[in-house]
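Here is a short report for a reader new to this structure. Please look at the sequence and the structure first.

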Amino acid sequence: MTVAVEPAIESSQGSQRARAESSTFAVALDQVVRHYGERVALRQVTLRLEQGRTLAVFGPNGAGKTTLLRMLATLLLPHEGELRVLGHVLPREAHRVRPHVGLLAHEPLLYRDLSGRENLRFYARLYDIEAPEVRIAHLLESTAMTTRSDEPVRNLSRGMAQRIGICRAVLHRPELLLLDEPRAHLDPEAAAMAEPLIGARTGVTRVLVTHEIEHGLAEADHVLGLREGSVLIDAPAAQLDPRDVRALYGAGA
Amino acid sequence: MRAVVAIARKDLLVELRTKESVPAMALFAVTTFVIFHFGLDRDRLEGELAAGVLWVTLLFAAILGINRLFVAEREQGGFDGILMAPIERTSLLIAKSGALIVYLVALELIALPVFALFFIDEGFWEAVPRLAVVMLLADVGLAVVGAMLASIAIHTRARDLLLPILLLPLTVPVVIAAAAATKPLLSIPLDTSGVGKWLAVLALYDLVFGLLAYAVFDFLMED
Amino acid sequence: MVLITTALALVFFYAPNDADQGFVQKIFYVHVPLAIVALIGFIVAGVLGAMHLRTRDDTWDARSYVAIHMSVIFGVGVLATGAIWARASWGKWWVWDEPTLVSFLIVFLLYATYYPLRYSIDDPQRRARYASVFAITAGAFVPINFIAVRLAESLVHPRVLNQTAGDMPGEMRLTFLVALAGMALLYVTLVKLELTSKNARRQLRRLRKLLEEERSGGAAPPPIATVPAKPH
């Protein structure tokens with residue numbers, strides 16, 4: 001079932017209203033463009049995500065999913081357009097956004113020569129967390145990594161390092177979670193453990209990049225489909241079925 | 001400030017554990033002294049020759065350490081972690097420069113006595129306090145410029161090759177000033193005249209490039 | 001162009017032959033202006049780089065790049081004419097006595113790394129940004145390096161250049177100034193030329209790309225399911 005396309009025509013009044021409304025959203029993009037040299041990585045992306053909702057982002061490789069995620073993480077700057085995260089304008093107010101955003105990426109972002117615990121202590125200092133030892137202990141407990149938390153990360157398997165990565169991502173209790181294929185390197189047991197930390201039940205706003213179409217649709221409140229930098233799907237998850245998303249990955253335009 | 005301490009502490013902890021940079025730098029320096037012995041066919045050195053051998057060796061040893069400075073961040077994704085944190089990005093520059101100064105001082109603590117052992121007959125201990133001042137000022141300059149260039153080179157394709165050719169011309173004033181300041185200190189008899197002028201040059205270099213690196217670092221980190 | 005020809009003319013016919021060095025002394029009128037213009041060019045390139053960082057406008061990066069490029073070429077001229085002069089005056093192709101020449105060599109070696117630096121960064125935005133940082137750093141380096149080298153050499157050797165420049169009789173001074181002005185104009189003209197040609201090439205590429213996109217059926221793929229987001 002495909003929903004009829006409604007051309008997004010906005011009068012200047014409409015865009016003013018939209019801008020006023022965007023401050024109540026957790027994430028608001030307006031005509032965001034990002035170049036890579038002469039190639040366009042993100043093309044006029046407009047998006048709204050309410051607080052507490054989950055957005056699933058689908059798209060083939062090179063579609064711009066990671067670019068979008070990194071932009072929300074304040075790691076990339078938009079070249080054109082407006083970008084607001086948690087009510088703050090990026091990049092100008094990036095320093096206000098950073099304490100509240102957590103990123104879980106392909107790499108666990110850990111220093112391999114330090115132990116899991118030492119890594120978490122380092123990040124706890126960077127984020128100026130209160131009662132860090134208690135928080136760290138609690139997270140390690142939740143991911144069943146307490147016993148191996150004093151070994152260098154180098155000695156841990158990918159899955160275990162990723163578990164510590166999850167601890168790192170939620171260490172500072174972010175209001176916005178950015179998840180780049182979070183289940184890719186976790187065994188089912190670890191994925192279950194991670195649920196209360198990064199899952200829908202946490203109630204935080206989440207942006208989830210995934211290739212698992214069924215799972216993504218089940219988790220999501222809203223869906224964004226990207227292809228070659230353009231938004232091809234921007235609809236509530238309830239209105240879509242897997243076929244629509246699969247069309248995103250089809251050959252040819 | 002908290003961030004600077006946290007990052008520097010992390011770096012020093014990693015170095016202490018892996019012992020990656022400092023031992024290699026020290027070994028390189030000692031071996032280079034040996035090579036100079038054979039290359040120059042000299043049993044002892046003094047004055048400008050001593051100063052030259054010492055500073056050239058220290059500079060090249062420093063390059064080894066500078067090359068490794070951001071490798072952990074680059075390869076283990078640490079850049080993202082640090083850039084996303086609610087800290088001033090220049091904290092990274094200050095922390096890395098600070099860590100580099102520690103490595104250089106550690107290097108000098110090993111290389112200098114060995115140098116004296118190999119090449120200096122007399123008057124070394126009298127020279128040490130002033131020598132220490134020269135070294136400290138030179139270290140600051142090398143550390144700041146080294147950290148800045150390392151953060152540039154780490155984002156390029158041929159980073160190990162690019163760093164030395166970028167660094168060497170930029171550090172020529174440091175070598176000129178440091179060697180010129182060291183020359184009278186290693187002369188027989190010990191001579192302390194003229195050192196002040198060169199310390200001023202080093203201080204000027206440190207100030208200019210310190211401020212410059214601080215000013216541009218945010219631009220280097222952004223994407 | 002007119003100034004260059006006038007300068008050349010003056011050099012050959014007007015300025016008196018230096019008693020010591022004869023005809024070859026005339027190289028001085030090429031060597032020194034080349035050096036001055038090149039060094040100023042490097043410093044200006046640093047300023048242009050700073051403008052790029054401030055405005056994030058790529059045209060400043062292009063200007064910085066061309067300025068450095070031209071100064072490097074002039075720099076080759078400086079070193080070549082310096083070598084010829086050294087040979088003629090002192091019988092050797094290179095001398096360490098001339099602090100200006102030596103500090104110029106160091107500066108040249110530094111700016112020679114500009115090309116591998118640019119070449120080894122793939123991301124175009126990052127490349128321009130890093131090039132600008134380099135331009136600023138290297139620009140700040142030029143005066144400091146000059147001071148350091150001059151201090152080093154003055155200990156041992158007399159400064160030939162300053163002596164020559166210091167007591168220049170009227171005709172020599174005029175010729176020198178004209179040569180300097182001519183060289184500066186040459187520099188600016190060449191920079192403008194290269195900038196225009198670069199710009200033209202960029203426009204051409206852009207047009208070609210637009211044409212390609214048109215031909216392949218539009219820039220963006222058609223949407224599948226979009227509902228303009230409404231607050232609920």
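Predicted model: local features only at pLDDT ≥ 70, side-chain atom pairs only at ≥ 80, totals over all residues.

Residues are numbered from 1 along each chain as its sequence is written, while chains are lettered from A and ligands numbered from 1 in the order in which they are written.

**Confidence**

pLDDT is the predictor's confidence in each residue, from 0 to 100. Chain B averages 91. In that chain, 100% of the residues score at least 70. Among the elements of chain B, helix H2 (residues 22-40) has the highest mean pLDDT, 95. Helix H4 (residues 71-75) of chain B has the lowest, 86.

**Chains A and C**

Helices (H or I, at least four residues) and strands (E, at least two) are DSSP runs, numbered from the N terminus. A residue is buried if 20 or more other C-beta atoms lie within 10 Å of its own, exposed if 12 or fewer, and partly exposed in between; the C-beta atoms are placed from the backbone. Two residues are in contact if their C-beta atoms, placed from the backbone, lie within 7 Å.

Chain A has 9 helices and 10 strands. Of its 253 residues, 49% count as buried. Among its contacts with a separation of 6 or more, 69% are between residues 24 or more positions apart.

Chain C has 8 helices and 1 strand. Along the sequence its pattern is α-α-α-α-α-α-α-α-β. Of its 232 residues, 37% count as buried. Among its contacts between residues at least 6 apart in sequence, 79% join residues at least 24 apart.

Residue classes are as follows: Ala, Val, Leu, Ile, Met, Phe, Trp, Tyr, Cys and Pro count as nonpolar, Asp, Glu, Lys and Arg as charged, and the others, Gly among them, as polar.

| Contact | Residues from chain B | Residues from the other chain |
|---|---|---|
| B with C | 23 residues | 24 residues from chain C |
| B with A | 21 residues | 25 residues from chain A |

On the side of chain B that touches chain C, helices H8 (159-170), H9 (172-185) and H10 (195-221) of chain B each supply at least two residues. H10(B) gives the most, with 8 residues. This side divides into 20 nonpolar, 2 polar and 1 charged.

On the side of chain B that touches chain A, helices H1 (2-18) and H5 (78-84) of chain B each supply at least two residues. H1(B) has the largest share, 8 residues. By class, there are 10 nonpolar, 5 polar and 6 charged residues.

**The core**

A nonpolar core is a set of buried Ala, Val, Leu, Ile, Met, Phe, Trp, Tyr and Cys residues joined through C-beta atoms within 7 Å. The largest has 219 residues. Those with the most contacts inside it include Val27(A), Leu178(A) and Ala178(B). Helix H7 (residues 124-153) of chain B gives the most to this core, with 17 residues. Leaving out residues up to four places away in sequence, Ala178(B) touches Trp55(B), Val134(B), Ala138(B) and Leu202(B).

**Strand S3 of chain A**

In strand S3 (residues 54-58) of chain A, 5 of the 5 residues are buried, so this strand is largely enclosed by the rest of the structure. Thr54(A), Ala56(A) and Phe58(A) point one way, and Leu55(A) and Val57(A) the other way.

Two strands pair if DSSP finds at least two bridges between them. S3(A) pairs with strand S8 (residues 205-209) of chain A in the parallel sense, over 4 bridges. There, the bridge partner of Leu55(A) is Val207(A). Another 4 bridges join S3(A) to strand S9 (residues 222-227) of chain A, also running parallel. In S9(A), His222(A) stands opposite Leu55(A).
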